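This report describes a protein model from its overall fold down to single residues. Please keep the sequence and the structure in view while reading.

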Amino acid sequence: MAGAAEFVEADNAEAIIARIETKSRTIESLLKQYKHVEALKTALEGSPPKTLDERCKSANWIVVHRALMAIKDIDGMLNALDVEYYDTLMKYLYRGLSTGDRPTCDQCLKIHEKLTERAGLGCILRCLTDTLNTV
């Protein structure tokens, strides 16, 4: 079990948020070029799961949400997305479902169905049982 010392302290939150802002600009550029899968990969990379600072988690959710909502070809996205991203993606899908926002929930449910077909129930179980690396 990871100790609290492994988690990012609030003092480092500003540095994390600055990195997320840089990532956000990259994602916007990719989306304008219709590189939706690359935008999603960029959004998922370096997600701050080991911080307890909700500002960091919220800032990263915003960039992941932007990329998720741009995805039209879910099968194509999953074909292009490396397996290593599946668990993190599932965590963000549940975060999206928790918003209660209809368009967000609709998109997250569509992706959830396809991701579950691809990654299996283990992906869901790992997501729901991981209380340390939350998004």
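## Basis of the description

A residue is called buried under 20% relative accessible area, exposed over 50% and partly exposed in between, with a 1.4 Å probe and protein chains only. This is a predicted model, in which local features need pLDDT of at least 70 and side-chain atom pairs count only at pLDDT 80 or more, while totals for chains, interfaces and linings use all residues. Residues are numbered from 1 along each chain as its sequence is written, and side-chain values use heavy atoms, with hydrogens and water left out.

The pLDDT, which is the predictor's confidence in each residue from 0 to 100, averages 89 over the protein. A score of at least 70 is reached by 90% of the residues. Over residues 1-6 the pLDDT stays under 50, and the model gives this segment five contacts beyond four places in sequence. Where pLDDT is low, the predicted coordinates should not be read in detail.

## Overall fold

The protein has seven helices and zero strands. Helices (H or I, at least four residues) and strands (E, at least two) are DSSP runs, numbered from the N terminus. Of the 135 residues, 41% count as buried. The accessible surface, from the Shrake-Rupley method with a 1.4 Å probe, comes to about 7,500 Å², and 55% of it belongs to carbon and sulfur atoms.

A contact means heavy atoms within 4.5 Å. Among contacts with a separation of 6 or more, 71% join residues 24 or more positions apart.

## The nonpolar core

A nonpolar core is a set of buried Ala, Val, Leu, Ile, Met, Phe, Trp, Tyr and Cys residues joined through side-chain atoms within 4.5 Å. The largest one has 38 residues, and those with the most contacts inside it are Leu40, Leu44, Leu68, Met77, Leu89, Leu93 and Leu115. Helix H1 (13-32), helix H2 (36-44), H3, H4, H5, H6 and H7 each supply at least two residues of this core. Its largest share, eight residues, comes from H3.

Leu40 touches Ala67, Leu68, Ile71, Met77 and Leu89, leaving aside residues up to four places away in sequence.

## Helix H6

Helix H6 covers residues 102-119. At 1.5 Å a residue, its 18 residues should span 26 Å, and its end C-alpha atoms are 25 Å apart, which agrees; the expected span is 1.5 Å times one less than the number of residues. Buried in H6 are Thr104, Cys105, Gln107, Cys108, Ile111, His112, Leu115 and Thr116. Viewed down the axis of H6, the buried residues fall within an arc of 160°, so they line one face of the helix; the arc is that of the directions from the helix axis to the C-beta atoms.

The buried residues of H6 pack against helix H3 (54-70), helix H4 (74-80), helix H5 (86-97) and helix H7 (121-129). On the other side of H6, Arg102 and Glu117 are exposed. Just after H6, Gly120 takes a positive phi of about 85°.

Not counting residues up to four places away in sequence, Gln107 touches Leu68, Met69 and Ile71. The C-alpha atoms of Gln107 and Lys72 are separated by 9.2 Å, although these residues are 35 apart along the chain.

Thr116 also counts as buried, because its relative accessible area is 18%. With residues up to four places away in sequence left out, Thr116 touches Met90, Leu121 and Ile124.
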